[in-house]
Amino acid sequence: MHEISIANGILSRAVDAANEHGADRIDALTIEIGRATHVNPEQVVFCLEAIADSTPAAEATIRTETIQPRAECDCGWEGTPESLDLPGGFAPNIRCPDCGQRADLVRGRECRLASIEVPDASPEDKPPARRADEVRGSPS
């Protein structure tokens with residue numbers, strides 16, 4: 001069940017992004033999962049819900065978007081492959097419907113955190129503006 005490690009990576013990235021924006025809560029997160037990944041979106045959501053407890057994403061709404069596969073061939077054809085057979089369980093064997101040559105999968109392998117939604121920070125919550133020399137550090 002590799003979905004737990006995928007969920008762990010997505011949650012870690014979401015929490016890092018929330019921290020980068022000074023948010024202590026994540027309201028929603030959206031994950032893009034390509035159909036060619038053969039990752040089960042329902043299992044990813046289940047794993048995220050299981051490991052998000054006690055994190056800023058504990059109450060987050062989790063959305064998944066399926067990315068349809070797209071392939072291209074050297075002959076100029078591009079489109080949606082008819083099948084995503086995985087001979088040997090590795091790379092999809094996609095054949096061009098026009099010339100029969102092997103086509104390259106150019107989309108549909110994504111499995112990533114697409115966005116997070118965090119509450120708007122109130123003006124009091126924003127960190128004070130710093131001068132450029134404070135950000136870079138003063139010479140010693």
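Strand β3 (residues 70-72) and strand β4 run antiparallel and are joined by 2 bridges; strands count as paired if DSSP finds at least two bridges between them. Helices (H or I, at least four residues) and strands (E, at least two) are DSSP runs numbered from the N terminus. This is a predicted model, in which local features need pLDDT of at least 70, side-chain atom pairs count only at pLDDT 80 or more, and totals for chains, interfaces and linings use all residues. Residues are numbered from 1 along each chain as its sequence is written, and side-chain values use heavy atoms, with hydrogens and water left out.

**Sheet β4-β3-β5**
- This open sheet has 3 strands with antiparallel pairing.
- β4 (78-79) and β5 (104-107) each have a single partner strand, so one side of each lacks a neighbour in the sheet.
- E72 has E78 in β4 as its bridge partner.

**Sheet β2-β1-β6**
- The pairing in this open sheet of 3 strands is mixed.
- β2 (61-67) and β6 (111-117) are the edge strands, each pairing on one side only.
- β1 (residues 28-34) runs antiparallel to β6, with 6 bridges joining them.
- I31 has L113 in β6 as its bridge partner.
- α1 packs on the sheet and touches β1 and β6, where contact means heavy atoms within 4.5 Å.

**Helices α1 and α2**
- Residues E3, I4, I6, A7, N8, I10 and L11 of α1 meet Q43, V44, C47, L48 and I51 of α2.
- By class, this contact has 9 nonpolar, 2 polar and 1 charged residues; Ala, Val, Leu, Ile, Met, Phe, Trp, Tyr, Cys and Pro count as nonpolar, Asp, Glu, Lys and Arg as charged, and the others, Gly among them, as polar.

Conventions:
Axes fitted to C-alpha atoms, helices over the stretch in contact; angles between N-to-C directions.
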